[in-house]
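These are notes for a colleague opening this entry for the first time. Please keep the sequence and the model side by side while reading the points below.

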Amino acid sequence: MNLNQIKNRLAPCGLSCEKCFAFTEGPIKNHSTELKKYLGNFDIYAQRFTIIVGEFAFAKYLEFKELLHYFANVNCPGCRKTDCQLYKGCNVKKCYKEKKVDFCFQCSEFPCNNTGFDQHLYERWVKINSKMKEIGVEDYYNETKGIPRY
């Protein structure tokens with residue numbers, strides 16, 4: 001996979017867009033859509049299984065169905081094509097375009113305090129970008145492509 005293809009899968013911050021639950025062509029959306037299809041009209045069965053089988057978990061089916069519906073219907077084409085739909089306070093898109101870099105680690109000010117991320121995400125961002133700087137974007141992508149984002 002070449003760098004341009006990888007850039008369509010990794011956001012400028014280094015997070016994997018392709019593994020994000022909101023990504024239009026991502027596995028979470030695809031599997032959620034399939035699961036929703038195969039569950040069909042499971043509502044009535046969930047109610048019955050709560051009583052017949054005595055499984056309390058089925059009583060939470062409507063909450064699960066609502067979340068599944070959300071996952072199946074999100075449509076983010078990726079952070080390079082639109083504003084991040086997950087982290088509303090993200091400042092990276094504007095910054096990377098102004099700095100004319102592909103990834104944050106390429107900026108002379110990395111790491112900075114201008115990301116808009118909470119502490120957890122900030123620490124992850126530093127770790128991801130430091131690793132990309134150390135081994136290169138392609139090697140980082142290949143090393144992490146099989147690992148879940150979350």
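1. Beyond its neighbours within four places in sequence, Leu10 is in contact with Leu15, Ser16, Cys17, Arg80, Phe103, Met132, Val137, Tyr140 and Tyr141, where contact means heavy atoms within 4.5 Å.

2. A word on the basis of these notes. The model is predicted, and local features need pLDDT of at least 70, side-chain atom pairs count only at pLDDT 80 or more, while totals for chains, interfaces and linings use all residues. Residues are numbered from 1 along each chain as its sequence is written, and side-chain values use heavy atoms, with hydrogens and water left out.

3. Leu10 belongs to the largest nonpolar core, which has 29 residues. Such a core is a set of buried Ala, Val, Leu, Ile, Met, Phe, Trp, Tyr and Cys residues joined through side-chain atoms within 4.5 Å; buried means under 20% relative accessible area, exposed over 50%, and partly exposed in between (1.4 Å probe, protein chains only). The residues with the most contacts inside this core are Leu10, Cys13, Phe117, Trp125, Met132 and Val137. Helix 6 and helix 7 each supply at least two of the core residues, and the largest share, 5 residues, comes from helix 6.

4. Helices here are DSSP runs (H or I, at least four residues), numbered from the N terminus. Helix 6 covers residues 119-135, and its end C-alpha atoms are 24 Å apart, which agrees with the span of 24 Å that its 17 residues should have at 1.5 Å a residue. That expected span is 1.5 Å times one less than the number of residues.

5. Which residues of helix 6 are buried? They are Leu121, Tyr122, Trp125, Ile128, Asn129 and Met132. Seen down the axis of helix 6, these residues fall within an arc of 130 degrees, so they line one face of the helix; the arc is that of the directions from the helix axis to the C-beta atoms. The buried residues pack against helix 7 (137-144). On the other side of helix 6, Gln119, His120, Lys127 and Glu134 are exposed.

6. Both ends of helix 6 deserve a look. Asp118 caps the N-terminal end, with a side-chain oxygen 3.2 Å from the backbone nitrogen of His120. Just after the helix, Gly136 takes a positive phi of about 100 degrees.

7. Helix 5 (residues 92-99) has Val92, Lys93, Cys95 and Tyr96 as its buried residues. Viewed down the axis of helix 5, they fall within an arc of 165 degrees, so they line one face of the helix. The face turned away from that side carries the exposed residues Lys94 and Glu98.

8. How many disulfides does the structure hold? The number is 0, with a disulfide taken as a pair of cysteine sulfur atoms within 2.5 Å. The sulfur of Cys79 is 3.9 Å from the closest cysteine sulfur, in Cys17, too far for a bond. Cys104 is in no disulfide either, as the nearest cysteine sulfur, that of Cys13, is 6.3 Å away. Cys79 counts as buried at 15% relative accessibility, and Cys104 is buried with a relative accessible area of 11%.

Conventions. Polar contact = N/O pair within 3.5 Å; in protein donor to acceptor, adjacent residues only side chain to side chain.
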